[in-house]
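Good morning, and thank you for making time for this presentation.

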Amino acid sequence: MTNKDLLKRLHSKEGTVLLESMYGSETADMERQRYTRLVEEISEDAGLFKRVNNLRIFSAPGRTELGGNHTDHNRGRVLAASIQMDAVAVVVPRSDRQVFFRSVGFPDVRVNLDDNNGKSDLAPKPEEQGTTASLVRGIAAEFVRQGVEVRGFSANASNTVLNGSGLSSSAAVEVLIAKIFDGLYGRDRFSAVELAKISQKAENIYFGKPCGLMDQAASACGGAVAIDFADPAVTLVRQIKFDPLSLGFALCVINTRGSHADLTPDYAAIPKEMQAVAGCLGKSYLREASLSQVLSAVGEIRKTTGDRALLRAIHFFNEDNRAEEMAALLEELASSESLEVKRELMGRFLDMVNESGDSSWKLLQNIYSSREPSVQEITLALAVSNEFFRSRKLQAACRVHGGGFAGTIQAYVPVEALEDYRTQMETIFGPGALTMLRIRPVGAVEVMFS
């Protein structure tokens, strides 16, 4: 498609409908402007992007965690959802094996998939570890391993997923790159879960980060997703339709702007302690054991692991079950046609969100670092939120979001109270601290303005 044809369709009535379905009616025009700018920038730099008569657009969203706080690393269950913020790229396929990836606000990335002698060069490179280049090479390598003849592409991208907010901007970029390779050269042969696994493998082996699959799966699949990590060889993912806004609730994250620096020991201690408890029962992961087994051996486990590890294990079992119960509630909510029943189910879901938050606070203990107890932004955000809801007698919920210790909380707030809540949070944590999320119904996709 030429740039003129693409711009025409982007500004058509059909283009508006598509953008509204992905981003919501309030921000569709802003997103159209973003797309337009990316297309026009390619047209202005035709020498770098070569052909501008075969433009294609791809998108992959960020994600929010809905339930299952710190359960995935012990092969538990999680509930997550894609959001309206995304990584978008206007792409031109190339005949050679070079990838050029430009993204607003970041240095240009150039990757040659061949060496100087024209031979395939897809092995991990230590000097690329921790860079976008490593992800490009790693994802290309997995496509080749699975029989796809890949070539290069030039991309002009923009990523609106807030960095450092626990919304997985990095996973959005990984899945975007995988979707581009699949769309251009794989002929869309890979499922969303397969694209997620390709992205995860690149991050593990090439980027050098031992992440789980939750972020990539939520980005690739779209909507709410219930993920079961019991068998790493056969990750079970099921999609669920969920739109809290249609029931009068705004889903928000509040960035407390705490520093993540020096928190690696705090994050690492959680899976380590959970696995230590499992080890006392002769297991590798808590999912292989049960809460009754842990409690029956509590005396010996205390001696070996200490009390905090036991509390974290109790959190795991309760949160793992809760994530599945939350998913079942959302499935029931999606299938119900009665507004009264939907509201009752949503109320039960919010109760479970609060239960999840309480468990993370009291048992998992990932609300602040015990090494610096005077710094408690997450605790403060949760306490003030609960007081706001209590004093106004609101049906609402809040919980720590993601890894914890610093960063963001998540809240479900009645729409009519949203602006007052925003004022409360931003008075404490600064302008722009609250971001309203929409659950996006589609995951990684080629955006087709037909």
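**One histidine and its surroundings**

Beyond its neighbours within four places in sequence, H70 is in contact (heavy atoms within 4.5 Å) with I270, M274, F316, L364, N366, G402 and G403. Please bear in mind that this is a predicted model, in which local features need pLDDT of at least 70 and side-chain atom pairs count only at pLDDT 80 or more, while totals for chains, interfaces and linings use all residues. Residues are numbered from 1 along each chain as its sequence is written, and side-chain values use heavy atoms, with hydrogens and water left out.

H70 sits in the loop between β1 and β2 (77-93); helices (H or I, at least four residues) and strands (E, at least two) are DSSP runs, numbered from the N terminus. Is H70 buried or exposed? Its relative accessibility is 11%, so H70 counts as buried, the limit being under 20% relative accessible area with a 1.4 Å probe and protein chains only.

I turn to the pockets. On a 1 Å grid over the protein atoms alone, a pocket is an open set of points where a 1.4 Å probe fits, with protein on both sides within 12 Å along at least five of seven lines; lining residues have an atom within 4 Å of a point. The largest pocket is lined by 49 residues, and D72, K209, C211, G212 and D215 lie nearest its centre. Among the elements giving two or more residues to this lining are β1 (56-67) and α9 (264-280), and α9 supplies the largest share, 5 residues.

The second largest pocket has 20 lining residues, with F106, T132, S169, S170 and V173 nearest its centre. Here the largest share, 4 residues, comes from α6.

Finally, the cores. A nonpolar core is a set of buried Ala, Val, Leu, Ile, Met, Phe, Trp, Tyr and Cys residues joined through side-chain atoms within 4.5 Å. The largest has 81 residues, of which F143, F181, F349 and Y412 touch the most other members. Its largest share, 10 residues, comes from α6. A second, separate core of 23 residues includes L382, C398, L418 and M425.

Terms used. Buried < 20%, exposed > 50% of the residue type's maximum accessible area, 1.4 Å probe, protein only.
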